[in-house]
Amino acid sequence: MKSVFDPNQALRNVQDFGEEGGVVPVIDVAATSTFLDPEDMEKTFRGERAGCYLYSRHQNPTVQAFSKKLAAMENLPSAVGVASGLAAIACTLDQLLKAGDHVISSANVYGGTYAFMANILSKRGVEVSFVDQNNLSEVKKALKPSTKIIYTESMSNPLLSVPDLRQLSAISKSANTKLIVDNTFTPLIVNPAQYGADVVIHSATKFLSGASDMIAGVVAGSTDFINSLLDVNTGSIMLNGPVMDARLAHELYLRLDHLPLRMKAHSETAYFFASKMEEAGLRVLYPALKSHPSHDIFKEIANPEYGAGGVLTLDCQTKEKARVLAKKLQDERFGLYAVSLGFSRTLMSCPSLSTSSEIPEEERKKSGMTDSLLRLSVGYTGDKQTMWERFYNCAQSLSLLK
């Protein structure tokens, strides 16, 4: 079944005006807001009055404009921008969990997410089970009466595994849990809410920004849930304080308009390289390739207009070859050896030695995440054929090609 929700149309349908009819909203940098009636401030603190701007850690007009636009893109009623993707994850889990609760998480989540769950939630008395979410029987087996959340990523890092969100949602609903999906790798490509996700999270640092020049995050969900995050007395965002700066919110608001163009460009270039690499005899992971284990599931849930995303992963046979290849590619101006993704230029990293290093080695090996993997967040700058020749020459020098 192909997607029927058009996130690009949803983005176009959101329109905010600036002061005196400006075509974009203004940047409201005020840290605090005036109440004309002192009694209204008291009611706001008591939770009796909603919709008031109180203090920018609570709500800010510019952050709210960006959040409304992102919520429309994710087909959810509400959203809120925060200071980072991990802040979005941490505050969401904080809000929904208490000591004695249980979480079922994908074993292949981002390393920072794994570390937060394993090392921070455990200190708070929350139990976490890390499972292979492509094995639905394993997910069902992990369920407990105390399970409150099933947590996954729309595309895992770095194996690019795609879970069957429809089946995970069905399991979640039957167990009366919340399904939380990190959609950082696949904005516009996958719409988790369409398949039953209750909460959708993004690291806006990545594709939403597109320029590797800011740190930001966002949580989207029901209006009641977003309001709960901002509650003056019990909200984990309000009380932990990871406020999104109004200037960044304004930048992100504007960048969402060209996100569809950027995602298409990333996907087109990544597919070009993934196909060429596979033809040359390299073991490459990319969901648009029929050889990828998640290819069929991905085709069923993805919006085909935006391709398969901008990330691919190579098996370079050994850890040393992965490092050397990355160094050669950087020297030849193919890309940059750096973590993160979504930049206009290609970024490369060895996941088991960097962004997945927090996951215990035994767990990494069990999932197929070897030290020989090199992840590429493929940019769209430069002539593709020229870039391919640079890659080919570097890979050939290491005897990686057939």
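**Strands, helices and buried residues in a predicted model**

Asp-383 caps the N-terminal end of helix 15, with a side-chain oxygen 3.3 Å from the backbone nitrogen of Gln-385. A polar contact here is a pair of N or O atoms within 3.5 Å; within protein, one must be able to donate a hydrogen and the other to accept it, and residues adjacent in sequence count only if both atoms are side-chain atoms. Helices (H or I, at least four residues) and strands (E, at least two) are DSSP runs, numbered from the N terminus.

Good morning, colleagues. This is a predicted model, in which local features need pLDDT of at least 70 and side-chain atom pairs count only at pLDDT 80 or more, while totals for chains, interfaces and linings use all residues. Residues are numbered from 1 along each chain as its sequence is written, and side-chain values use heavy atoms, with hydrogens and water left out.

Let me stay with helix 15. It has 14 residues and reaches 20 Å from its first C-alpha to its last, close to the 20 Å expected at 1.5 Å a residue; the expected span is 1.5 Å times one less than the number of residues. Which residues of helix 15 are buried? They are Met-387, Trp-388, Phe-391, Cys-394 and Ala-395, where buried means under 20% relative accessible area, exposed over 50%, and partly exposed in between (1.4 Å probe, protein chains only). Viewed down the axis of helix 15, these buried residues fall within an arc of 130°, so they line one face of the helix. The arc is that of the directions from the helix axis to the C-beta atoms. The buried residues of helix 15 pack against helix 11 (259-279), strand 9 and helix 13. After helix 15 comes Ser-399, whose phi is positive, near 60°.

I turn next to helix 13, residues 319-331. Its 13 residues should span 18 Å at 1.5 Å a residue, and its end C-alpha atoms are 19 Å apart, which agrees. Ala-322, Leu-325, Ala-326 and Leu-329 are buried in helix 13. Down the axis of helix 13, its buried residues fall within an arc of 100°, so they too line one face of the helix. What covers them includes strand 9 (311-315), strand 10 (336-337), strand 11 (347-349), strand 12 (373-377) and helix 15 (384-397). Just after helix 13, Arg-333 takes a positive phi of about 60°.

Met-348 lies in strand 11 and counts as buried, at 0% relative accessibility. With neighbours within four places in sequence left aside, the contacts of Met-348 include Ala-326, Leu-329, Phe-334, Leu-374 and Leu-376; contact means heavy atoms within 4.5 Å. Met-348 and Arg-323 are 25 residues apart in sequence and 9.9 Å apart in space, C-alpha to C-alpha.

The second residue, Thr-346, is found in the loop between strand 10 and strand 11. Is Thr-346 buried or exposed? Thr-346 is buried, with a relative accessible area of 6%. Its side chain reaches the backbone nitrogen of Gly-379 at 3.0 Å.

Now to the strands. Strand 2 (residues 102-106) has 5 of its 5 residues buried, so it is largely enclosed by the rest of the structure. Strand 2 pairs with strand 3 (residues 127-131) in the parallel sense over 5 bridges; two strands pair if DSSP finds at least two bridges between them. In strand 3, Glu-127 is the bridge partner of His-102. Strand 2 also runs parallel to strand 4 (residues 147-153), joined by 4 bridges, and there His-102 stands opposite Thr-147.

Strand 6 (residues 199-203) is likewise mostly covered, with 5 of its 5 residues buried. How does it pair, and in which sense? Strand 5 (residues 178-182) and strand 6 pair in the parallel sense over 3 bridges, whereas strand 7 (residues 217-221) runs antiparallel to strand 6 and is joined to it by 4 bridges. Asp-182 stands opposite Ile-201 of strand 6, and Val-200 has Ala-220 as its bridge partner in strand 7.

Thank you for your attention.
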